[in-house]
Amino acid sequence: MSRIAPVNDFLGSVAIRGMSFLRLSTGTGKMDGDALVDLCKQLMSTKGNASGLALAHTILETYETFTAEQKTDFFLGIVDAFGWDKDHIKSLVNTYATDPTDELLQQISVSTKPTFAPLISRLNQRPSATLQLVRMRADLLKVLTKNPPLTPLDTAFKDVLSAWFNRGFLELQ
């Protein structure tokens with residue numbers, strides 16, 4: 001364990017420096033769910049590790065300050081932003097019906113995979129993020145029955161967390 005702490009400290013300092021580079025506040029301020037979803041979109045389009053760490057840090061820290069209602073709004077925003085574009089899929093399927101090419105089939109395949117799992121993985125870049133993501137899923141489970149559109153997001157959380165906590169990845173210390 002003692003070897004992990006210096007690495008976490010280093011990564012934490014990279015995240016803080018990255019926030020100043022990106023002009024993100026180290027405090028969470030008054031951000032709403034829509035602004036946080038926008039930061040998630042930035043995170044998904046970010047190429048650099050430092051900027052990704054900074055964005056993941058800001059997203060997770062801000063999320064922790066949200067009320068239950070704000071968390072639900074955030075989840076719904078994530079489903080809207082990173083879920084399926086049903087009109088686009090319908091258009092592709094209709095085109096495929098008249099012109100069944102492999103290229104169109106590939107486009108349909110890509111379009112039918114929401115990007116929740118990659119977002120969850122990108123959020124996990126930050127040290128100690130896994131615990132926050134487990135808590136985030138617990139929050140999601142609390143509102144799932146009243147918000148059925150959130151089910152695909154829960155499925156993504158379940159799949160990602162199952163992969164992370166696979167017996168082969170666990171190490172007894």
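Buried here means under 20% relative accessible area. Keep that cut-off in mind. One more point before we start: this is a predicted model.

Let's begin with the aromatics. Tyr 63 and Phe 74 are both buried. For Tyr 63 the relative accessibility is 2%, so Tyr 63 falls under the 20% cut-off. Their rings form a tilted aromatic pair, with 5.7 Å from centre to centre and 55 degrees between the planes. What does this pair tie together? Tyr 63 sits in helix α3 and Phe 74 in helix α4, so the pair joins parts 11 residues apart in sequence.

Next, the count. The structure has four aromatic pairs. Another of them is Tyr 63 with Phe 66. Here the ring centres are 6.5 Å apart and the planes make 55 degrees, so this pair is tilted. Phe 66 is buried too, at a relative accessible area of 6%. Ring pairs join Tyr 63, Phe 66, Phe 74 and Phe 75 into a cluster.

On to the core. The largest nonpolar core has 32 residues. Which of them touch the most other members? They are Phe 74, Phe 75, Ile 78, Leu 123, Met 136, Leu 153 and Phe 157. Two or more residues come from each of these elements: α2 (33–45), α3 (49–65), α4 (68–82), α7 (116–123), α8 (129–143) and α9 (151–164).

Take Leu 123 as an example. What does Leu 123 contact, leaving aside neighbours within four places in sequence? The partners are Leu 43, Ala 56, Ile 59, Leu 60, Ala 129 and Leu 133.

Now the loop between α7 and α8. Ser 128 is located there. Phi of Ser 128 is near 70 degrees, a positive value in a residue that is not glycine. Why point that out? Most residues other than glycine have a negative phi. Is Ser 128 buried or exposed? Ser 128 is exposed, with a relative accessible area of 55%.

Last, the surface. Leu 131, Val 134 and Phe 165 make a nonpolar patch of about 270 Å². Phe 165 lies in the segment after α9. The relative accessible area of Phe 165 is 43%, so this residue counts as partly exposed.

Terms used. Residues numbered from 1 in each chain as written. Predicted model: local features only at pLDDT ≥ 70, side-chain atom pairs only at ≥ 80, totals over all residues. Heavy atoms only, no water. Core = buried A, V, L, I, M, F, W, Y, C linked by side-chain atoms within 4.5 Å. Buried < 20%, exposed > 50% of the residue type's maximum accessible area, 1.4 Å probe, protein only. Helix = DSSP H or I, 4+ residues; strand = E, 2+ residues; numbered from the N terminus. Contact = heavy atoms within 4.5 Å. Patch = residues over 30% accessible without salt bridge, like charges linked within 9 Å, V, L, I, M, F, W, Y side chains within 5 Å. Areas by Shrake-Rupley, 256 points an atom, 1.4 Å probe, with all protein chains shown as cover. Salt bridge = Lys/Arg side-chain N within 4 Å of Asp/Glu carboxyl O. Phe/Tyr/Trp six-rings, centres within 6.5 Å; stacked < 30°, edge-to-face > 60°.
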